[in-house]
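User: I would like to learn how to read some local features of a protein model. Could you take me through them one at a time?

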Amino acid sequence: MRYHLAIIFIGFVFFLKAQTKHNIHLDFSMLYGADTLNLKEGVFKTNDANDLQFQAVKFYISNVQFLKNKKVVLQESNSFHLIDASKLKTLGITIPNNAPVNFDAIQFNMGIDSLINVSGAMEGDLDLAKGMYWTWQSGYINFKLEGTSNLCNTRNHEFQFHIGGYQMPFYSMQTITMPIKYADRFLMLLDLKKIMDGIDLKNQNHIMSPNSEALLFSKRIAQAFSVRSK
Amino acid sequence: MKLKFIIICSVCIFTVAFRYAKEIFFTVPKNWPQPVYDFSRNPLSANKIELGRALFYDPILSRNNMISCASCHSQYNAFAHADHSLSHGIEDKIGTRNSPALMNLAWQTLFMHDGAVNHLDMQALAPITHPSEMGEDINHMIEKLNSSTIYPALFYKAYNDSNINSANTLKAISQFLLTLVSYNAKYDSVMHRQASFTEQENRGYALFKKNCATCHTEPLFTNYEFVNNGLAIDTTLNDFGRFKITQYHNDSFKFKTPTLRNIEFSYPYMHDGRFKNLTQVLNHYTNGLNHSSTLSPKLKQAILLSSNEKVDIIAFLLTLTDQSFLFNKRFSYPKHTLLKAAKD
C-alpha cells in the first residue's frame with residue numbers, strides 16, 4: 001500500500017515538474033565603464049574628469065526573439081518594453097519558453113518599428129503619456145539620455161539626447177543580434193561610456209528630432225549592448 | 001385572434017431587429033474613394049462619438065481650462081477660425097499657423113500644414129501640448145479628466161471602463177472628428193443630378209477644372225499633396241513648411257493642399273492666413289506667384305483669368321458650401337453633456 005502511495009507521489013512530482021513553466025529572464029543593467037549606473041537618487045555621478053552625470057536613461061526594447069542557426073525559434077508576443085534606469089521594475093523582462101526550445105542567439109530592436117509609429121494611439125508601455133513620444137511631430141523617441149557635463153556650454157551644463165525617427169533615411173530603430181549559450185537568465189548590459197566616448201559634448205549636446213545625427217547616435221547605442229548569461 | 005398573433009409577432013421582430021441593427025455612424029459618400037482611417041482599430045459607437053464631442057468642446061483639455069479645440073475650430077467656419085490669420089491660444093498667445101478647417105478627415109493620411117502628424121489619433125496631441133495653443137501636459141490633462149465630475153462616467157459608457165488614459169481619450173476625439181463628413185453641398189446635388197448649376201456656376205466649374213482641379217481634385221477637392229504654391233516667404237515667420245519635417249531641401253516652402261469644400265466659411269486662407277477673401281487668393285495665382293526653386297511645376301505656366309472669369313470661379317466655389325454640415329446639430333456644442341455637468 002505504502003509502495004503504491006510512493007509511486008503516486010513520485011508520479012505527481014514528475015507531473016508538476018512537467019507543468020513547471022520554463023521562462024527566460026532578461027535583466028537590464030546600465031553601466032558606465034566598470035561602474036553600474038544607479039539612478040535611484042535621480043542622478044548618477046561618473047568618475048569622468050569633466051563631472052559627467054546622468055539623470056535619465058530610458059529606451060524601448062521591442063520584438064525580442066531567440067534564434068537557432070539564424071532562424072527564429074522563439075519570440076515574445078506583444079513585445080514592447082520601456083526600460084527606465086530609474087525604475088527597478090522596468091529592468092526585467094520575462095519571456096515564456098514552454099516547449100522549451102534551444103537557441104544560440106538573441107535578437108531585439110532598440111526602439112519602435114515604423115508600422116507601430118503610424119498606427120495611432122497605443123496603451124501600456126507604448127502609451128504616449130510615458131514621455132517617449134514627440135508631440136509636435138509624430139513618432140516615438142526610441143532612446144532618451146539626459147545629464148550634465150562641464151563640457152556643455154548650455155544652461156546648467158545640460159545635455160539631452162532624444163533619439164527617434166521612423167522614416168528613411170533617418171530610421172533610427174536598431175536591430176541587435178548577439179550570440180548566447182542556452183540559459184534561462186541573461187544579464188543585458190548597456191555601457192553608456194561606449195556611447196559618450198563617441199560624442200564631443202562641447203559641440204554636440206542635444207539631439208531632439210529625426211536627423212542624420214540621431215541616426216549616427218542610434219548606431220552607437222547598438223554597439224553599446226552586450227549580454228552575459230547569469 | 002390570428003391577426004392579434006401576427007401583430008404581436010411583428011412587433012417583437014421589429015423590436016429585436018432595431019435593437020440589434022448596427023447603427024451606422026459613417027458612410028462613404030457615393031463615388032468617393034475608400035477612407036484611409038483604419039476603423040477596425042477604433043470601431044465607432046454612439047457613446048464614444050458623444051465622448052469625443054464633449055472632449056472637443058471642453059476647455060478642460062487646456063492648461064488654464066480656458067481654450068477648447070472648438071475655440072479655434074468653430075462649426076460655422078467649417079471648423080476653422082474666422083478672422084484669425086494665426087492660431088490664438090491660452091493667455092492670448094499667438095501661434096505660427098492658421099487653424100485649418102476640419103472635415104472629411106478619414107481620407108487624410110498626414111495632418112498639420114506640414115504633415116508633421118501621421119495619424120488622426122495623434123493630431124490632438126499637438127495643439128493640446130503646444131505652449132502657444134492649449135499649453136497642457138498630457139499627464140496633467142489625464143489627471144484632470146480622471147478627477148472630473150463627468151468624464152469617468154462618460155468613459156465608462158464609452159469603453160466599459162472608467163479608467164482614463166491617453167489612448168482612449170485620443171481615440172474618442174478621433175471618433176467625433178471622423179463623423180465630420182461634408183458631402184451635401186450644391187455641387188454634390190448637381191453631381192447626383194438632383195440639382196443644376198446656374199450658367200455662371202457652370203462657367204466657373206469649367207474654369208475650375210481647367211486651372212485648379214489638378215491639385216484640388218474632386219470629390220474631396222484636394223489630393224493632400226505638399227506643394228509650394230508660390231507664396232513669398234513671410235519674414236516674420238520664416239516658415240519652411242514640409243522641409244522642417246523631412247529635412248529635404250526639395251520640400252522647402254511646401255504646405256499641404258487644403259480641401260475647398262466649405263471654402264466660403266473657412267477664411268482667412270493659406271497656412272499663415274494671409275488672404276482674407278477668395279478674390280485675393282485668385283489674384284495670387286494669376287499675378288502674385290513667387291517663382292522659387294521648389295515652386296510646383298503645375299504653376300510654372302501662368303494661369304490667365306479675366307476678372308469676370310474669377311467671379312465665375314468664385315460662384316462655383318460657393319457651391320461647395322454644405323449647410324447641412326455647417327449647421328448639423330450632431331456636430332455642435334453638446335449642451336446635454338457639458339452644460340448639465342456645469343450646473344451639477
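User: In which loop of chain B is the place of Pro268(B)?

Analyst: A word first: this is a predicted model. The place of Pro268(B) is the loop of chain B between β2 (255-256) and α12 (278-287).

User: What kind of peptide bond joins Tyr267(B) and Pro268(B)?

Analyst: The general idea is that most peptide bonds are trans. The bond joining Tyr267(B) and Pro268(B) is cis, with omega about -5 degrees. Chain A also has a case: Met168(A) and Pro169(A) are joined by a cis peptide bond with omega about 5 degrees. Pro169(A) is found in the loop between β10 (158-164) and β11 (174-179) of chain A.

User: Which other residue is found in the loop between β2 and α12 of chain B?

Analyst: Gly273(B) is found there. Gly273(B) counts as buried because its relative accessible area is 6%, under the 20% cut-off. The C-alpha atom of Gly273(B) is separated by 9.6 Å from that of Pro100(B), although the two residues are 173 apart along the chain.

User: How do I read a positive phi, and what is phi of Lys70(A)?

Analyst: Most residues other than glycine have a negative phi. Lys70(A) is not a glycine, yet its phi is positive, near 70 degrees. The place of Lys70(A) is the loop between β4 and β5 (71-75) of chain A. With 78% relative accessibility, Lys70(A) counts as exposed.

User: Phe221(B) has a positive phi too. Is Phe221(B) buried or exposed?

Analyst: Phe221(B) counts as buried, because its relative accessibility is 0%. Its phi is about 60 degrees, and Phe221(B) is found in the loop between α10 (199-211) and β1 (226-227) of chain B.

User: Now aromatic rings. How many aromatic pairs does the structure hold over all chains?

Analyst: There are 39 aromatic pairs over all chains. To read one, take the distance between ring centres and the angle between ring planes; an angle over 60 degrees counts as edge-to-face. Tyr60(A) and Tyr140(A) form such an edge-to-face pair, at 5.8 Å centre to centre and 85 degrees between the planes.

User: Why does the pair of Tyr60(A) and Tyr140(A) tie together parts that are apart in sequence?

Analyst: Tyr60(A) lies in strand β4 (residues 53-68) of chain A and Tyr140(A) in the loop between α2 (114-117) and β9 (141-148), so the pair ties together parts 80 residues apart in sequence. Both Tyr60(A) and Tyr140(A) are buried.

Chain B gives another example. The ring centres of Phe56(B) and Tyr57(B) are 5.3 Å apart and the planes are at 75 degrees, so this pair is edge-to-face. Phe56(B) counts as buried at 2% relative accessibility, and Tyr57(B) counts as buried at 10%.

User: Which residues do ring pairs link into a cluster?

Analyst: A cluster linked by ring pairs includes Phe28(A), Tyr32(A), Phe54(A), Phe59(A) and Phe108(A). Phe143(A), Phe159(A), Phe161(A), Phe217(A) and Phe225(A) also belong to the cluster.

User: Last, cavities. How many cavities of 30 Å³ or more does a search of the whole structure find?

Analyst: The search finds three. To read a cavity, take its volume and then its lining. The largest cavity holds about 100 Å³ of space. It has 13 lining residues, and the closest to its centre are Ile233(B), Asp239(B), Phe255(B), His271(B) and Arg274(B). By class, six of the lining residues are nonpolar, three polar and four charged.

User: And which residues line the second largest cavity?

Analyst: The second largest cavity has about 50 Å³ of space. Its lining includes Ser119(A), Gly120(A) and Ala121(A) from chain A, and Tyr37(B), Asp38(B), Arg41(B) and Lys171(B) from chain B. Asn42(B), His119(B) and Asp121(B) also line this cavity. The classes are two nonpolar, four polar and four charged residues.

Terms used. Residues numbered from 1 in each chain as written. Chains lettered and ligands numbered in written order. Predicted model: local features only at pLDDT ≥ 70, side-chain atom pairs only at ≥ 80, totals over all residues. Heavy atoms only, no water. 1 Å grid on protein atoms, 1.4 Å probe; cavity = no way out; pocket = protein on both sides within 12 Å on 5 of 7 lines; lining within 4 Å. Points joined across faces, edges and corners; volume = space filled by probe spheres on them. Nonpolar A, V, L, I, M, F, W, Y, C, P; charged D, E, K, R; others polar. Phe/Tyr/Trp six-rings, centres within 6.5 Å; stacked < 30°, edge-to-face > 60°. Helix = DSSP H or I, 4+ residues; strand = E, 2+ residues; numbered from the N terminus. Buried < 20%, exposed > 50% of the residue type's maximum accessible area, 1.4 Å probe, protein only.
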